[in-house]
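This report walks through one protein, moving from its overall build to its core and then to its charged pairs. Please keep the sequence and the structure in view while reading.

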Amino acid sequence: MKSVYTLAEKPQLLLLAVDRAIVGDDEPVPFAERGERRRIVEATAQDRIRLTAELGARSLLRLFPIYRAFEQAAATDPVVHERWREYQQRRRDDVQALVTEFGARDGAVDAVWALFTWHPVALLVEERGYGETELTSWLETVLAALLPSAPDR
């Protein structure tokens, strides 16, 4: 019987799963170069938060079970723990870049980084029955409260 570990070790498999869930496919196109990301960057200030919330909801619905598995595996495996910490730092850096685009105030980076992970999404989906529409609305509300609309480019 073949094991998935013949493809890669657990930390690499978890990171591959995260990468695929973020973009929704296994095409070798970096997220920053994808059409959805470009649409957000090029959008008017009025549309930027809505488009970010829509993309975030789709991604987080795919990601939250993987994030949960990754974090839980990190609790018992030192190598996975280190990869999880590295991944979280990269995720925070990505959030900082996004928040900077919006011209956000102090504290917004940590707020967005902490809220847009598996814990609150799992609660909303599993306990409150949120689907993509409801999650998008929640994300849009939170983003609008935390991030000012940057002026049009």
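## Overall build

A residue is called buried when its relative accessible area is under 20%, exposed when that value is over 50%, and partly exposed in between. By this rule, buried residues make up 37% of the 153 residues in the protein. The model is a predicted one, and the values discussed here were computed from it.

The protein has seven helices and zero strands, and the order of its elements, read from the N terminus, is therefore simply α-α-α-α-α-α-α. Among the contacts with a separation of 6 or more, 69% are between residues 24 or more positions apart. The accessible surface comes to about 9000 Å², and carbon and sulfur atoms account for 54% of that surface.

In soluble globular proteins, nonpolar side chains tend to be buried together. Here the largest nonpolar core has 37 residues, of which Phe116, Leu135 and Leu139 touch the most other members. At least two residues of this core come from each of H1 (10-23), H3, H4, H5, H6 and H7 (132-146), and H3 gives the most, with 11 residues.

Which residues does Leu135 touch, leaving aside its neighbours within four places in sequence? Leu135 is in contact with Ala57, Leu60, Leu61, Val121, Leu124 and Tyr130.

## Helix H6 and its surroundings

The buried residues of helix H6 are Trp118, Pro120, Val121, Ala122, Leu124 and Val125, and the buried residues of this helix pack against H3, H5 and H7. Just after H6 comes Gly129, which takes a positive phi of about 75°.

When neighbours within four places in sequence are left aside, Ser59 is in contact with Ala21 and Ile22.

Leu61, with a relative accessible area of 25%, is partly exposed, because it falls between the limits of 20% and 50%. Not counting residues up to four places away in sequence, Leu61 touches Val125, Gly131, Glu132 and Leu135. Leu61 and Ala21 are 40 residues apart along the chain, and their C-alpha atoms are separated by 8.8 Å.

## Salt bridges

Side chains of opposite charge can pair when their charged atoms come close. The structure holds five salt bridges, and three of them are described here in turn.

In one of these pairs, the side chains of Asp47 and Arg50 meet with a distance of 3.4 Å from N to O. How far apart are Asp47 and Arg50 in helix H3? They are three residues apart in this helix, which spans residues 45-74, so about one helical turn separates them. Asp47 is partly exposed at 27% relative accessibility, and Arg50 is also partly exposed, with a relative accessible area of 29%.

A second pair is made by the side chains of Glu126 and Arg68, which meet in a salt bridge at 2.5 Å, N to O. Because Glu126 lies in helix H6 (residues 118-127) and Arg68 in helix H3, this pair ties together parts that are 58 residues apart in sequence. Glu126 is partly exposed, its relative accessible area being 43%.

Another salt bridge joins Asp110 with Arg92, and here the closest N and O atoms are 2.8 Å apart. Asp110 belongs to helix H5 (residues 108-115) and Arg92 to helix H4 (residues 78-101), so the pair ties together parts that are 18 residues apart in sequence. Both partners are partly exposed, Asp110 with a relative accessible area of 40% and Arg92 with one of 22%. Elsewhere, salt bridges that share partners join Asp47, Arg50 and Glu54 into one network.

Technical notes: Residues numbered from 1 in each chain as written. Predicted model: local features only at pLDDT ≥ 70, side-chain atom pairs only at ≥ 80, totals over all residues. Heavy atoms only, no water. Salt bridge = Lys/Arg side-chain N within 4 Å of Asp/Glu carboxyl O. Helix = DSSP H or I, 4+ residues; strand = E, 2+ residues; numbered from the N terminus. Buried < 20%, exposed > 50% of the residue type's maximum accessible area, 1.4 Å probe, protein only. Contact = heavy atoms within 4.5 Å. Areas by Shrake-Rupley, 256 points an atom, 1.4 Å probe, with all protein chains shown as cover. Core = buried A, V, L, I, M, F, W, Y, C linked by side-chain atoms within 4.5 Å.
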